[in-house]
Amino acid sequence: MPYPGKPMRHGFVESLNGRLRDECLNEALFTSLGYVEFVLAAWRRDYNTVRTHSKRGWKAPAQFAGELAREHAP
C-alpha cells in the first residue's frame, strides 16, 4: 500500500495539479496577488463550467449537472 505522501495515492489531485500548472501557472507572468486571483478564477470557471470532461460523457460539468437535475426532478 502506498504511503500517504506518494503521488500515486492521490491520482485525481495530481492530475488536476498537473493541468493547473501546465495550462495556467506556466502560461502567465504574475505581477500581483490580484492578478493571480483573477487568472485562477477564470481558469476555475472555465474548468468547472465550460470544459468538457471524458468522465461525464464529454459534457461540460454545468451541462451534465443540468441534465442530471432534469432526470431526477419530481
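## Largest pocket

Helix H1 (residues 11–25) gives the largest share of the lining of the largest pocket, 4 residues. Helices here are DSSP runs (H or I, at least four residues), numbered from the N terminus. This is a predicted model: local features need pLDDT of at least 70, side-chain atom pairs count only at pLDDT 80 or more, and totals for chains, interfaces and linings use all residues. Residues are numbered from 1 along each chain as its sequence is written, and side-chain values use heavy atoms, with hydrogens and water left out.

The largest pocket has a volume of about 330 Å³. A pocket is an open set of points on a 1 Å grid over the protein atoms alone, where a 1.4 Å probe fits, with protein on both sides within 12 Å along at least five of seven lines. The volume is the space filled by probe spheres set on the points, which are joined across faces, edges and corners. Lining residues have an atom within 4 Å of a point. Among them are Phe12, Leu16, Arg19, Tyr47, His53 and Trp58. By class, the lining has 4 nonpolar, 4 polar and 4 charged residues. Nonpolar covers Ala, Val, Leu, Ile, Met, Phe, Trp, Tyr, Cys and Pro; charged covers Asp, Glu, Lys and Arg; the others, Gly among them, are polar.

## Helix H2

H2 (residues 33–50) has 18 residues, and at 1.5 Å a residue it should span 26 Å. The expected span is 1.5 Å times one less than the number of residues. The end C-alpha atoms of H2 are 25 Å apart, which agrees.

Val39, Trp43 and Tyr47 of H2 are buried (under 20% relative accessible area, 1.4 Å probe, protein chains only). They cover an arc of only 65° around the axis, which puts them on the same side of H2. The arc is that of the directions from the helix axis to the C-beta atoms. The buried residues pack against H1 and helix H3 (61–71). On the other side of H2, Leu33, Glu37, Phe38, Arg45 and Val50 are exposed (over 50%).

## Leu25

Leu25 sits in H1. At 36% relative accessibility, Leu25 counts as partly exposed (in between the two cut-offs). Leaving aside neighbours within four places in sequence, Leu25 is in contact with Leu20, Phe30 and Leu40 (heavy atoms within 4.5 Å). Leu25 and Trp43 are 18 residues apart in sequence and 9.9 Å apart in space, C-alpha to C-alpha.

## Trp58

Trp58 lies in the loop between H2 and H3. Trp58 is exposed, with a relative accessible area of 59%. Its phi is positive, about 60°, although Trp58 is not a glycine. Trp58 also lines the largest pocket.

Notes:
Helix = DSSP H or I, 4+ residues; strand = E, 2+ residues; numbered from the N terminus.
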